[in-house]
Amino acid sequence: MIEFLARWFDARLGAAKFTRKVMNHVFPDHWSFMLGEIALYSFVVLVMTGVFLAVFYQGSSVPVIYHGAYRPLRGVRMSAAYHSVLHLSFSIPAGLLFRQMHHWAADIFIAAIFAHLARIYFTAAYRKPRELNWLIGLTMLLLALANGFFGYSLCDDVLSGAGLRVGYAILLSVPVVGPWLAFLVFGGTSPNPATLPRMFVWHIFFIPAALAFLILAHLGIIWRQMHTNYPGAGGGEKLIVGSRFWPVYTMKSLALFFGVFAGIAALGGWVQIDPVWVYGPYNPIGIVPGAQPDWYLGWVEGAMRLFPGVNGHVGRWLIPELFFPGFLFPALVFAFLYCYPFLEQWLCFDFRGHNVLRRPWEMPWATALGCAGLAFVLVLEIAGGDDVIAVAMGSSVIVVRRVLRVLAIVAPLITGWIIHRWCEAMRRKHAHLREALAGADAGYSEAEIAPQPQPR
Amino acid sequence: MKSWAAWGRILFVLLAWAGVGWSQTAAKSAEAVALFSRHCAVCHGEAGQGESAVIRMAGPSLQAVHNPGLVMLAMETGPSHMPRFETILTVPQMRMIARFVTRRLAVIPLTGESLGRGGNLYRVNCASCHGAVTQGGTLGFAGLNAPALRRKPMALVAGAIRWGPGPMPRFSAAELPARDVASIAEYVRYLRRPSHPGGAALHWNGPVPEGAVAWAMALSLMVFAIWLEKGGRG
Amino acid sequence: MSQGLADDDGAESEKREKSAPTWVLRAALFWKLAKALSGFWLASGSSHAGRMDRVRAGVPESNPPRGRAADQPLAQALGEFAWRWAGLWAGITAAVSLAGGVGFLIAYWMNGDSQTLGGMLAVFFAGLALTLTLNARLLTNQKLAVEPREELKSPAPQRSALAADFQLGEGDMSRRGLLRTLAAAVAGLMAAMSVSLLRSLTPHPYRALDSRIWRRGQKLMMEDGRPVHADDLPAGGAVVVFPEDQLGSEEAQTVLIRIGGAALGILGKNKFSAPAGYLAFSRVCTHAGCPVGLYEKTTHLLMCPCHQSTFDVLRGARPTGGPAARPLPHLPLYIDAQGYVRAAGGFSQPPGPGFWGMPA
């Protein structure tokens, strides 16, 4: 059967040569190369469950009265959007499962991107010739954050309302163009009837399409440039060492694919996420404490909570306090990340290409900077949930916030200092290893290496 | 609270039995009023509307207490800050007070219109402090949080809406008629055991625990990847 | 680890075991048994990580790149024993997976709840993942693969050839610079057209943003359309109100508070007036636009549950804590002859979060 198919396609496409080349492409064996794949497979889950949900979802604010299966909301006035979410959750077989899987997959998708980004940063995999993929990856992270926000807003429950208000206020706060920008994205003062249809189009069409395109570009570039290798893995600058695409790498990758699927299905089945029926439909005057964004925007939320209430002024023009933590800070973070590979090239005056990764301790200031940044983001993330934490601890949010304000300044400094010390120590300890590693990378004997299949 | 309710139920049956043939006369009613205002009104107010100190409650509202057994029990045992009355009052006197409270003062019913209406009113009037699922929330005043309502007796919850203990605002009858208060109380009772589709609820604390769980799963998947690669040649 | 039972046969470990108490022996036995059963599972072959460890520890390798003894075929290292278990494990996981799939189908057609469906789906995929992992393990007795990297940079002749090819497009028009001008013009026009189209998506913001919402004389209405009478609220009460033409509007929502007692004196000292103790403020937070849903009657604080900004009602709703920087806009009130509460004008500021060009 396989032979028949192979012959059929080869006769029409001449695919045998190409397929063979693909199958013999070599991928390095290290778990840290799999982080991006977790993100990729979460994206696959997102698309599959998302298509299912899009069939039932209505992006409309038209008011309707609920008469469905969920008793406590019967007779309640709500938007058609919220109604459709309830309907697909309670009246469509497997609807609730797929909705929860979709949301969990989104959370895990961005967690995996985040871990992937950290791995790339700490092993300096962004260096020439891989700057392009660094830029594409960051763009995908931005798009994923935006789409997460839109998805959170589409349910049109009380939390969506809070998210939309804050998102709108952040855009509104931008100097000069803010009001135009906010009205462009939200279609008026938010939330308003124009908002949901817009978000729906962005959420299910533009951003997923852009993500899919960028993922293809990302993978294509990886394929062309090949992965990096760890120092000592044996490849050096000229070779790549690992397993072939077929069969070992394919098996491992498929196993991970199904593992990701299993994990998300387990969460989707057993752990509630965003129980919109508990929060109730969006209501202009309704709000709840503990209205947080999903975790991936928690650091911005935390920055907004910790930042002191100080207006800015340019002459008689107002720059609202929200602009600094809500817009300027994340914009600066991403601007820094976008520029980082080029910044480092100039700072270190290193314009060569690199195929061998850098161990984190070999560039102490970069690692220390990264860890300090992580510590800062972690404190902000905690601050984003400070009211929930305060209630859980039986403490006051004012006390918790005071502690976190201090930590936000102290924690990165201490972390950076400790990590710098650690890197220096490791560097001294491993000084004698450089040559050994270089020797290991010098090459393998013919006997150990399966020869690359030659064209017959 | 549970033992309260159980004892209350037993006492209620006993009282119902004891109350057979009890004839209420005008004189007795006047005596009951006098007893109430002498012993109870200091903390609970003349109309049983409840009195409030700055932070703590002085005495809760009695306007939603429909169970005479509960009143008897409270007078006998003196829960929380309440003094015990078993040595001060005789049993017939206590009975009189209990009847007075449940028949004259309890003007707020405990059965509302519908869960939907109660839920709507709860979300608009109560949820911003007590949370979407009565789990409690933060207040602006240092050291103080809005309490969780899961373990509060229904009579207290309904009474507190009118009375506004501590920092809680009062809701007048013009704003929330008795029926609406009852609807809210009914929804609060429903939230003790809400229907539970879709798995573990993470205490309904929203995206904060959800983010933690998502990271736990992401890290587990990374551990799986480590284990997967360990079988390879590294 | 990969040698299973054989690993622990060293004389030293035996000595240790002999002197150990019974429960340790038992635990060791149990551990050995578990290892034998799962020998294949725990088998890690050899890894670069392991090799790195050796290099790191400074263990001299006579010929570092060649000392890959542990890269022997896995079958040899584990022995027949482990292989048999491997097959068994793969069979078990595959069977579990298939059972999960069947279970999903049954649960689905019997309208099972999402817990059952999700669980079955998870079992199905987890089983598959484990089976494939085992399969990958079985395949790792293949030799290490190495592939040379291609030089990405093209050689100079090819680059210049590309430039030459590109020059072929150069005709009469482009030589006169016409083509370039045309391209620039078209690009500019297309950009202008697309940007202009954004106007369709964007209503004029300032008209909506500059509104003070209330007009003098409007009654304060509760959400269901009942007007607020001066007798309606007790001291310490608060209610959400709207102008009669904007019931249930996001921007127009206003919180009406009645204060009494000593607070009225403080209010007077702060030079604010409250007819019959009534005060009204915009209920949209000036920080990020959430409804300021929380009022504390003892401290006279309004608080926003989103970011915990607090506003002091007795001082004109000035922010006293949290991230907000501007006070909640104040709505002046009067009480008419029938005793209804009415607006004496618009908000002191446009309500809601700040923006560029907001009147000070």
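In chain A, 75% of the contacts with a separation of 6 or more join residues 24 or more positions apart. Two residues are in contact if their C-beta atoms, placed from the backbone, lie within 7 Å. This is a predicted model: local features need pLDDT of at least 70 and side-chain atom pairs count only at pLDDT 80 or more, while totals for chains, interfaces and linings use all residues. Residues are numbered from 1 along each chain as its sequence is written, and chains are lettered from A, ligands numbered from 1, in the order in which they are written.

Stay with chain A. Its C-alpha trace spans about 75 × 60 × 45 Å along the principal axes. The chain has 17 helices and seven strands. Helices (H or I, at least four residues) and strands (E, at least two) are DSSP runs, numbered from the N terminus. Of the 456 residues in chain A, 54% are buried. Buried means that 20 or more other C-beta atoms lie within 10 Å of the residue's own; exposed means 12 or fewer, and partly exposed lies in between, with C-beta atoms placed from the backbone.

Now the backbone. Most residues other than glycine have a negative phi, and most peptide bonds are trans. Chain A has a cis peptide bond from Lys128(A) to Pro129(A), with omega near 5 degrees. Pro129(A) sits in the loop between helix 5 (95-122) and helix 6 (131-154) of chain A. Another cis bond joins Trp246(A) and Pro247(A), with omega about 5 degrees. Pro247(A) belongs to helix 10 (residues 245-270) of chain A.

His300(C) is not a glycine, yet its phi is near 55 degrees. This histidine lies in the loop between strand 6 (294-296) and strand 7 (301-303) of chain C. His300(C) is buried, with 21 other C-beta atoms within 10 Å. Ala317(C) also has a positive phi, about 55 degrees. Its loop runs between strand 8 (310-312) and strand 9 (318-321) of chain C. Ala317(C) is buried too, with 29 other C-beta atoms within 10 Å.

Next, chain C against chain A. The contact takes 76 residues from chain C and 89 residues from chain A. Several elements of chain C each supply at least two residues of its side, among them helix 4 (48-56), helix 9 (178-201) and strand 9. Helix 6 of chain C gives the largest share, 16 residues. By class, the chain C side has 42 nonpolar, 23 polar and eleven charged residues. Ala, Val, Leu, Ile, Met, Phe, Trp, Tyr, Cys and Pro count as nonpolar, Asp, Glu, Lys and Arg as charged, and the others, Gly among them, as polar.

Strands also pair across these two chains. Strand 4 (residues 239-244) of chain A and strand 1 of chain C run antiparallel, joined by four bridges. DSSP must find at least two bridges between two strands for them to pair. Val241(A) stands opposite Val146(C).

Chain B touches chain A as well. Here the contact takes 49 residues from chain B and 60 residues from chain A. Helix 10 of chain B gives the most to the chain B side, with 17 residues. That side has 26 nonpolar, 19 polar and four charged residues.

Within itself, chain B is divided into domain 1 (2-105) and domain 2 (109-222). These bounds come from an automatic or database domain assignment. The contact takes 14 residues from domain 1 and twelve residues from domain 2 of chain B. On the domain 1 side, seven residues are nonpolar, six polar and one charged.
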